[in-house]
Amino acid sequence: MKLMVVGGAGYIGSHTVRQLLAAGHEAVVLDNLSSGHAQALPEGVPLVQADLLDPAGVKAALEAHQPDAVIHFAALIEVGESMRAPGRYYRNNVVGSLNLLQAIVETRKVPLVFSSTAAVYGTTDAVPIPEDAPLHPESVYGETKLMTENMIHAFHVAHGLPYIVLRYFNVCGAAPGGDIGEAHPNKTHLIELACLTALGQREKMMIFGDDYPTPDGTCIRDYVHVQDLADAHVLAVEALQRGQANAATYNVGLGHGFSVREVLDAVDAVTGKPLTREVAPRRAGDPPRLVAGARRIVDELGFQPQFTDLQEIVRTAWEWHRKHPHGFGQ
Ligand code: UFG
């Protein structure tokens, strides 16, 4: 198949492009490069530098490249920033996605796989969280993802657009080999920060709260390796092509979690440099435990995560950061 990967120069998008090629598919990337990196793309993959806020440009790209399906990653992703700059988030994530949907139904009406997030669930007592749990996003970021899920479904009902929504838990790690990886302009993710701290770029790691109702008092998250997540997208587009799983929503996670302390212990073990840690107050909006109900995608799409060992996951992230201490800048 030929896939148009929107946001394909970003962290998850670039790993997905690789896994698509490895599975024998063809990819063309559409990205505005606001946070993505052209260097993250394999040689020979065409890059259309266009913005979803330019509907004519998006339509022209679809008409020029005639993809068999679209995978949509392009979004602003920072929870904290979304609360300070909601307009940017609604415009980029919701209006941008609307332009993409409109362009798809006006051109080829090809299937769509959409990047959503566990943030659509908000704080919940459910452990693990099933896909049919109530949806109460607590951030503007989560709200923009839920609004987009709802728009996609409306286009499915009205225009017959086939789709799959994937709701990611905590994405981490890097492709083995360490040549592509996480390189966000603002660093907030635990494993990335811990690796950069181990490299001496920061003095210490803050643990945001150690008084949560969890065994060691720190928050528990479901850490899914980016290459496994990329494989989930390959499975999703292939299912839609076969006419399966149309209008389905899947969590993507391992189905079990690790605490902040367990993650930091794994980073210490992998890097051999024990991190200085300091307990800080809780971070606003952090639920104690977020773990995916992860059976549906295993049962229906045959998803088989390869990276289930925390140290193995951290080792891939460490390899990337060690080889590229300043991301794609060097
Ligand atoms: N944490 C620290 N210290 C740090 C950074 C993080 O203690 O320096 C803690 C956080 O408080 C949290 C855990 O580590 O308990 C993980 O934090 P991340 O920032 O790495 O990830 P989040 O769980 O906040 O969010 C991520 C994505 C969201 C997504 C969510 C779903 O960024 O988009 O996972 O589980 F919605």
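I am working with a predicted model, where local features need pLDDT of at least 70, side-chain atom pairs count only at pLDDT 80 or more, and totals for chains, interfaces and linings use all residues. Residues are numbered from 1 along each chain as its sequence is written.

**Entry: Ser14 and its helix**

I looked up Ser14, which sits in helix α1. Helices here are DSSP runs of H or I with at least four residues, strands are runs of E with at least two, and both are numbered from the N terminus. Leaving out neighbours within four places in sequence, I found Ser14 in contact with Gly8, Ala9, Ala40, Leu41 and Ile180. Is Ser14 buried or exposed? It is buried, with 29 other C-beta atoms within 10 Å. My cut-offs: 20 or more other C-beta atoms within 10 Å of a residue's own is buried, 12 or fewer is exposed, and anything in between is partly exposed, with C-beta atoms placed from the backbone. The C-alpha atoms of Ser14 and Gly181 are 8.6 Å apart, although 167 residues separate them along the chain.

Then I took α1 as a whole. It covers residues 11–22 and reaches 17 Å from first C-alpha to last, close to the expected 16 Å (1.5 Å times one less than the number of residues). Since 10 of its 12 residues are buried, α1 is largely enclosed by the rest of the structure. The cover over those buried residues includes β1 (2–6), β2 (26–31), β4 (69–72), β5 (112–117), β7 (170–172) and α7 (226–241). After α1 comes Gly24, with a positive phi near 90°.

**Entry: Phe169**

I found Phe169 in the loop between β6 (163–168) and β7. Phe169 is buried, with 25 other C-beta atoms within 10 Å. Beyond four places in sequence, its contacts include Ala118, Arg221, Asp222, Asn251 and Leu290.

**Entry: a helix pair**

Two packed helices are described by the angle between their axes and the distance between the axes. I picked α2 (residues 55–65) and α4 (residues 86–106), which pack at about 40° with axes 9 Å apart. That makes α2 oblique to α4 (under 35 degrees is roughly parallel, over 145 roughly antiparallel, 65 to 115 roughly perpendicular, the rest oblique). Axes are lines fitted to C-alpha atoms, for helices over the stretch in contact, with angles from 0 to 180 degrees between N-to-C directions. On the α2 side I noted Pro55, Val58, Lys59 and Leu62, which meet α4 residues including Leu100, Ala103 and Ile104.

Which bond is cis? The peptide bond joining Val127 and Pro128, with omega about -10°. Pro128 lies in the loop between β5 and α5 (140–159).

I also logged Lys109, a non-glycine with a positive phi near 50°. Lys109 is in the loop between α4 and β5, and counts as partly exposed with 13 C-beta neighbours inside 10 Å. Ala245 has a positive phi too, about 60°, although it is not a glycine. Ala245 is in the loop between α7 and β11 (248–252), where it is buried with 21 other C-beta atoms within 10 Å.

Conventions. Contact = placed C-beta atoms within 7 Å.
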